[in-house]
Amino acid sequence: MARRTDGGWPDGSGPTPARRRRRTLPALAFGAMALGVSGFLVMLPSVSDACQPVARPSASPSAVARAIEPGSDVLIIGDSYTAGRGSSDGEHGWAQDLVADRGWDAKIDGIPGTGYVNTGRPRTSRYAYEARVAKQHALHPDLVIVQGSQNDWDAAPSTLRSAVTTTLTLAKEQWPDAVVVAVGPSAPEPRAESTASISDMVSAGARAAGVPYLDALGDRWFTSANSPGYAAEDGEHLNDAGYAYLADRIGAALDTMAAAPAGQQCA
């Protein structure tokens, strides 16, 4: 797949190695304490019961390691967070940061207002996540990340859970050699607390599809202490620092999945 983005950096250059180390190390240190990916949980005997059986095997650590290598083909589908709303230029979100940091060849498909159920302002089904996954069938990604979505706040729980399962199952079937990962709602506080039921349903749907779930809410990536520095003016989205932080947390979660002992991952 041809490179679709320069990573969203204003000058198109991407971060320098020193810049990356300065930004990433604090997040990684914190991430080692509470990382929202199930594969990490099973490495700790005291919390191993947090992992639940999955309908189908999740991606192996070796598969994840290959999928996140520099130059990998990556597809990211999400909402306004993936589109970068709230950033200084309105177009630079966590996805653009992560792609630039990792040196991926990426297709970033972020549409504000959308979700697994919510179709956004166009109000047509082709903007929901499942239809957008199907639309990208010609791609050959190594890694597929589906982000969100707090926009599904008005969907019935059973409807949302079913839509998540259907969407992620389609992604796995459409790209059987790819690693598929779901990232849950990741709003700053106090907005984050209102997404608890959404996170629960996305987690349940991902588990049913056998897809790893990165639980930003459950593992408190955003707290009352750090949210003021990471929230955009509207309180609903993230600013530049917030998106850089979210990119680091997701990247650290993927690294942990790649390092997990074989046979000890769950979704």
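**Before you start**

This is a predicted model: local features need pLDDT of at least 70, side-chain atom pairs count only at pLDDT 80 or more, and totals for chains, interfaces and linings use all residues. Residues are numbered from 1 along each chain as its sequence is written, and side-chain values use heavy atoms, with hydrogens and water left out.

**Stop 1: α5 and α10**

Select residues 94–102, helix α5, and residues 240–259, helix α10. Helices here are DSSP runs (H or I, at least four residues) and strands are runs of E (at least two), numbered from the N terminus. Two packed helices are described by the angle between their axes and the distance between the axes. For α5 and α10 the angle is about 55° and the axes are 8 Å apart. Axes are lines fitted to C-alpha atoms, for helices over the stretch in contact, and angles run from 0 to 180 degrees between N-to-C directions.

The α5 and α10 pair is therefore oblique. On this scale, angles under 35 degrees are roughly parallel, over 145 roughly antiparallel, 65 to 115 roughly perpendicular, and the rest oblique. The crossing of α5 and α10 is right-handed: the near helix is turned clockwise from the far one by less than a right angle.

Now show side chains. On the α5 side, pick Trp94, Asp97, Leu98, Asp101 and Arg102. Their partners in α10 include Tyr243, Leu246, Ile250 and Asp255. Contact means heavy atoms within 4.5 Å. By class, the α5 and α10 contact has eight nonpolar, one polar and five charged residues. Ala, Val, Leu, Ile, Met, Phe, Trp, Tyr, Cys and Pro count as nonpolar, Asp, Glu, Lys and Arg as charged, and the others, Gly among them, as polar.

Colour α5 by accessibility. Nine of its nine residues are buried (buried is under 20% relative accessible area, exposed over 50%, partly exposed in between; 1.4 Å probe, protein chains only). Among the buried residues are the charged Asp97, Asp101 and Arg102. Step just past α5 to Gly103, which takes a positive phi of about 70°.

**Stop 2: a ring cluster**

The structure holds five aromatic pairs. Rings of Phe, Tyr and Trp (its six-membered ring) pair if their centres lie within 6.5 Å; planes under 30 degrees apart are stacked, over 60 edge-to-face, and the rest tilted.

Select Phe222, Tyr230 and Tyr245, which ring pairs link into a cluster. Phe222 and Tyr230 have ring centres 6.1 Å apart and planes at 90°, so this pair is edge-to-face. Tyr230 and Tyr245 have centres 4.5 Å apart and planes at 15°, so they are stacked.

Tyr230 is partly exposed at 21%.

**Stop 3: His237**

Go to the loop between α9 and α10 and pick His237. His237 is buried at 11% relative accessibility. Beyond neighbours within four places in sequence, its contacts include Ser80, Tyr81, Arg85, Pro188, Tyr230 and Tyr243.

**Stop 4: α7 and α8**

Select residues 157–174, helix α7, and residues 196–209, helix α8. Their axes come within 8 Å and cross at roughly 40°. α7 and α8 are therefore oblique, and their crossing is right-handed. In α7, residues in the contact include Leu160, Val164 and Leu168; in α8, Ile198, Met201 and Val202 are among them. The α7 and α8 contact divides into eleven nonpolar, three polar and two charged residues.

**Stop 5: backbone details**

- Gly148 to Ser149: a cis peptide bond, with omega near 0°. Ser149 is in the loop between β3 (143–147) and α7.
- Glu189 to Pro190: also a cis peptide bond, omega about 5°. Pro190 is in the loop between β4 (179–183) and α8.
- Arg220: a positive phi of about 55°, although not a glycine. Arg220 is partly exposed at 42% relative accessibility.
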